[in-house]
2 protein chains.
Amino acid sequence: MKPTETPPDTVQRILEVASRLVQTRGFNGFSYAHIAAELGVTKASLHYHFPSKADLGRRLIEQYERSFVEALAHIEAETAGALERLRRYMRIYSGVLGNEQMCLCGMLAAEHGTLPAPMRRTLQHYFDVNEAWLAKVLEQGRDNGDLRFDGSPGDVAALLLSSLEGAMMLARSYGDPKRFKSATERLLAEFGVPSAAAARPRARKAARR
Amino acid sequence: MKPTETPPDTVQRILEVASRLVQTRGFNGFSYAHIAAELGVTKASLHYHFPSKADLGRRLIEQYERSFVEALAHIEAETAGALERLRRYMRIYSGVLGNEQMCLCGMLAAEHGTLPAPMRRTLQHYFDVNEAWLAKVLEQGRDNGDLRFDGSPGDVAALLLSSLEGAMMLARSYGDPKRFKSATERLLAEFGVPSAAAARPRARKAARR
DNA sequence: GTCTATAGGTGGATAGAC
DNA sequence: GTCTATCCACCTATAGAC
């Protein structure tokens, strides 16, 4: 039995609203006043749960990373092929963009120059975890023949992650999610699979010139 | 002879400092006070040249786009091959990143949700111009055999631009320009040239598995 | 064109009552 | 835990002297 936990969990509600605000307006574009207004509480009570904004920011990243790690575990449990896993990975970002939001950490990466040091370190960790997961999937896929690419899995993972973040940013700026979809499909086709994406390896190359 | 122009040009000096501030701290991360302090003038005199911050922001984008258009013209004048033009294009961004700065417009794209409407429109135009130039180079390169890629030049241009912006953002966040270099080389190799990059078309593909 | 001075607002953060 | 009240730093912007 739970002893005396707050049932709807104030902390969680604050984090949810704050996360959405950062993902739409950026860390320097939202304030305690915004959160307070949306939740119908005062700024002071927010400071009770999150003493400083740097504190709030750090915990936002930590929660975001946790939810990502969970999602990645689900992907590994529910899919077998490397290509399908990459697809699912990209679909996570698709979902974020569908809500007209930017990836929390992509947004913070842009604001890196003004972030408190603790947030920078936590942010780094998020990217490291993502890149490591992608590299693992890429390597396994290459080794069992699902995927084909040149160079190290780590380098490809880094480019993949960068491209996804950039594509989200531009697609959101254009207000056109199709831009993101187009980018992900091409990335999968180029890096992932000269075999599976087109069901006929050379057919599409013939479309050149 | 020049009649009575302000020699070091106050407006230009303001724009230069402001641009650097936006590219390192973001539009919501700098203030008139920052510029004033660096130039040794007062905030009030800045407002004389740029009445509102939205005004300043819009003119920053316009100037950034102009300098880009000039650079693109130089590239077209000095190089012939599509691949070399793409390389030169990427080198522009490399130079920006080398100063530990983000692309002005990539930064603003992240902050899109909080930008004044006039800035949003001007920003869009910058991306349109870049994408159009890239698409033109890609199409010409494909038609004369310099480049090979599937799909429309426009789609590839969009991915290329997105990937570059994303790669800049992440590389700057990691404080590691090599991450950007690695990304651009791979992009050139994948999209640009199964022939020129490796001087031996199939050799690198053979490195799979 | 640049200054001083200031308006009017919002930022993050704290003290202390309830 | 949440409130009222308040602090002080900073923000964008303007008025008016020089």
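Here are a few questions and answers about this predicted model.

Me: How many residues of chain B are in contact with chain A, and how many of chain A with chain B?
Reply: Contact here means heavy atoms within 4.5 Å. On the chain A side there are 50 such residues, and on the chain B side there are 49.

Me: Are α5(A) and α7(A) roughly parallel or antiparallel?
Reply: Take helix α5 (residues 82-98) and helix α7 (residues 117-143), both of chain A: their axes come within 8 Å and cross at roughly 155 degrees. Angles over 145 degrees count as roughly antiparallel. That is why α5(A) and α7(A) are roughly antiparallel.

Me: Which class has nine residues in the contact of α5(A) with α7(A)?
Reply: The α5(A) side includes L86(A), Y89(A) and Y93(A), while W133(A), L134(A) and V137(A) are among those from α7(A). By class, the contact has one charged residue, three polar and nine that are nonpolar.

Me: Which helices of chain B each supply at least two residues of the lining of the second largest pocket?
Reply: This pocket holds about 250 Å³ of space. Its lining includes H112(A) and R120(A) from chain A, and L97(B), A171(B) and R172(B) from chain B. The chain B helices that each give at least two lining residues are α5 (82-98) and α8 (153-174).

Note on methods:
Residues are numbered from 1 along each chain as its sequence is written. Chains are lettered from A and ligands numbered from 1 in the order in which they are written. This is a predicted model: local features need pLDDT of at least 70, side-chain atom pairs count only at pLDDT 80 or more; totals for chains, interfaces and linings use all residues. Side-chain values use heavy atoms; hydrogens and water are left out. On a 1 Å grid over the protein atoms alone, a cavity is a set of points where a 1.4 Å probe fits but cannot get out, and a pocket is an open set with protein on both sides within 12 Å along at least five of seven lines; lining residues have an atom within 4 Å of a point. Grid points are joined across faces, edges and corners, and a volume is the space filled by probe spheres set on the points. Helices (H or I, at least four residues) and strands (E, at least two) are DSSP runs, numbered from the N terminus. Axes are lines fitted to C-alpha atoms, for helices over the stretch in contact, and angles run from 0 to 180 degrees between N-to-C directions. Angles under 35 degrees count as roughly parallel, over 145 as roughly antiparallel, 65 to 115 as roughly perpendicular and the rest as oblique. Ala, Val, Leu, Ile, Met, Phe, Trp, Tyr, Cys and Pro count as nonpolar, Asp, Glu, Lys and Arg as charged, and the others, Gly among them, as polar.
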